[in-house]
Amino acid sequence: MIDDTLKIFKELNKKDFRIFAGIELGMRDYEWVPVSEIQRFACMPLDKLNYRLEWLRRKKMVIGTLDPYEGYKLYFEAYDALALHTYVARKTFSAIGVEIGVGKESVVMEVQKEPEMAIADPEIFILKLHREGRTSFKQVKRTREHLAGKEHFSWIYAARLAAAREFDIMQKLWPDVSIPRPVDQNRHTIVMEVAQGSDLFKTKLLDPDWYLDEILRQVKLTYGKGIIHNDLSEYNIFVSEDGIQIIDWPQYVTLAHPHAEELLRRDVENVLNHFSKKYKIHRDIDDVIAEIKTGANVDMDQLRKEFPDEEARLNEEMEREREFAVDELEDCETGFGDEN
Ligand SMILES: Nc1ncnc2c1ncn2[C@@H]1O[C@H](COP(=O)(O)OP(=O)(O)O)[C@@H](O)[C@H]1O
Ligand SMILES: [Mg+2]
């Protein structure tokens, strides 16, 4: 789990990240990345590499095979470590705090960024590590169609796609829709601001009517941009004195989705059910949906242009990254910070 990753993270050095990055790149082409491939990137003699691989294997960061040849692949933990390493290098954050949520499809942590000025307080952000490929067989199956013989790569791909989708939509919605500000994205993870207040399902509201109106107003604003959350419920809404914020966006759909109507209805139903069960507030779902749609004027052509085939886009992006990583890794003197 992430705790183990954090413990081991401190013991990892520059070369280990090169090893991980070499395996990461190799995993696009190999189920088991051959040691010769890893060595191209690791910039170390074979005996040292073997020693280090054995250590990483014992620490459960990589998994190896000897049959039909000696090869390795990454565990999720190593992939986490790569993302953490990138964020620290970019100064997105400098320290990792407590775990604040483990969902079916994610691990959520607090992270800290040191202030630019020593006198200011550190900033706290949220790091969400996606876990889609690990648990969601449906998602894996869907992405498999795009992988053609690269099934071994599917968890990296699925988790990455989810993170990229989530960050992307958050950038499009913020600040018009009330969501935490998106801060940064890398691999299967995103960084965002901390949502204000606490989860709706945990809270006893004193003025539930006001909050229900506010939630529906945000659903309407989102809809007005051609977007449906598609996993809206009391578990993905934060409430505070100032208002509400909606989180957890990777499964959003656009109005161009063939089931957009049903999905909107389900979102609204979840919210109305919560308020009717907990607060005995009853609203007519048809009236609510009619109100959400009132005045919406979404240009569908524009929408389709803005949301092109995401898988294709991600593939392109990963190809670009690969070229960049190959350049960076092949120069054994650069990248990947100081050795410790
Ligand atoms: N920006 C945030 N601020 C505060 N807490 C958050 C934030 N994002 C996620 N969380 C916490 O982590 C939990 C899981 O995150 P979520 O995005 O809903 O992922 P999942 O798909 O696993 O449900 C949330 O229910 C919430 O309690
Ligand atoms: Mg959630």
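Author: Let me start with a pair of helices: α2 (residues 14-26) packs with α4 (residues 46-58) at an angle of about 80°, and their axes lie 11 Å apart. This is a predicted model, in which local features need pLDDT of at least 70 and side-chain atom pairs count only at pLDDT 80 or more, while totals for chains, interfaces and linings use all residues. Residues are numbered from 1 along each chain as its sequence is written, and chains are lettered from A and ligands numbered from 1 in the order in which they are written.

Reader: Why are α2 and α4 called roughly perpendicular?

Author: Axes are lines fitted to C-alpha atoms, for helices over the stretch in contact, and angles run from 0 to 180 degrees between N-to-C directions. Angles under 35 degrees count as roughly parallel, over 145 as roughly antiparallel, 65 to 115 as roughly perpendicular and the rest as oblique. The angle here is about 80°, and α2 and α4 are therefore roughly perpendicular to each other.

Reader: Which residues of α2 and α4 meet, and how many of each class are there in this contact?

Author: Lys-15, Asp-16 and Ile-19 of α2 meet Arg-52, Leu-53 and Leu-56 of α4, where two residues are in contact if their C-beta atoms, placed from the backbone, lie within 7 Å. The contact of α2 with α4 has three nonpolar, no polar and three charged residues; Ala, Val, Leu, Ile, Met, Phe, Trp, Tyr, Cys and Pro count as nonpolar, Asp, Glu, Lys and Arg as charged, and the others, Gly among them, as polar.

Reader: What makes a stretch a helix or a strand, and how many of them are in the protein?

Author: Helices (H or I, at least four residues) and strands (E, at least two) are DSSP runs, numbered from the N terminus. The protein has 13 helices and 13 strands.

Reader: What makes a residue buried or exposed, and what share of the protein counts as buried?

Author: A residue is buried if 20 or more other C-beta atoms lie within 10 Å of its own, exposed if 12 or fewer, and partly exposed in between, with C-beta atoms placed from the backbone. Of the 340 residues of the protein, 37% count as buried.

Reader: Why is Gly-64 called partly exposed, and which residues does it touch?

Author: Gly-64, which lies in strand β2 (residues 62-65), has 15 other C-beta atoms within 10 Å and is therefore partly exposed. Leaving aside residues up to four places away in sequence, Gly-64 touches Leu-53, Arg-57, Glu-70, Gly-71 and Tyr-72. Gly-64 and Val-33 are 31 residues apart in sequence, and their C-alpha atoms are 9.0 Å apart in space.

Reader: What is said of the phi of Cys-43, and why does Cys-43 count as partly exposed?

Author: Cys-43 has a positive phi of about 55° although it is not a glycine, and its place is in the loop between α3 (35-42) and α4. Cys-43 has 19 C-beta neighbours inside 10 Å, so it counts as partly exposed.

Reader: What is said of the phi of Lys-60, and why does Lys-60 count as partly exposed?

Author: Lys-60, in the loop between α4 and β2, has a positive phi of about 60° and is not a glycine. Lys-60 counts as partly exposed because it has 13 C-beta neighbours inside 10 Å.

Reader: Where are the peptide bonds called cis?

Author: One runs from Asp-67 to Pro-68, with omega near 10°, and Pro-68 is placed in the loop between β2 and β3 (71-74). Another joins Trp-174 and Pro-175, with omega about 5°, and Pro-175 lies in the loop between α8 (154-173) and β7 (182-186).

Reader: Which residues come nearest to ligand 1, and why is ligand 1 said to lie between domain 2 and domain 3?

Author: Of the 18 residues around ligand 1, Gly-101, Gly-103, Ser-106, Ala-195 and Asp-248 come nearest; a residue is near a molecule or strand if its C-beta atom, placed from the backbone, lies within 6 Å of it. Domain 2 (91-194) and domain 3 (198-302) both give residues to the shell, so ligand 1 lies between them, with domain bounds that come from an automatic or database domain assignment. The shell around ligand 1 has nine nonpolar, four polar and five charged residues.
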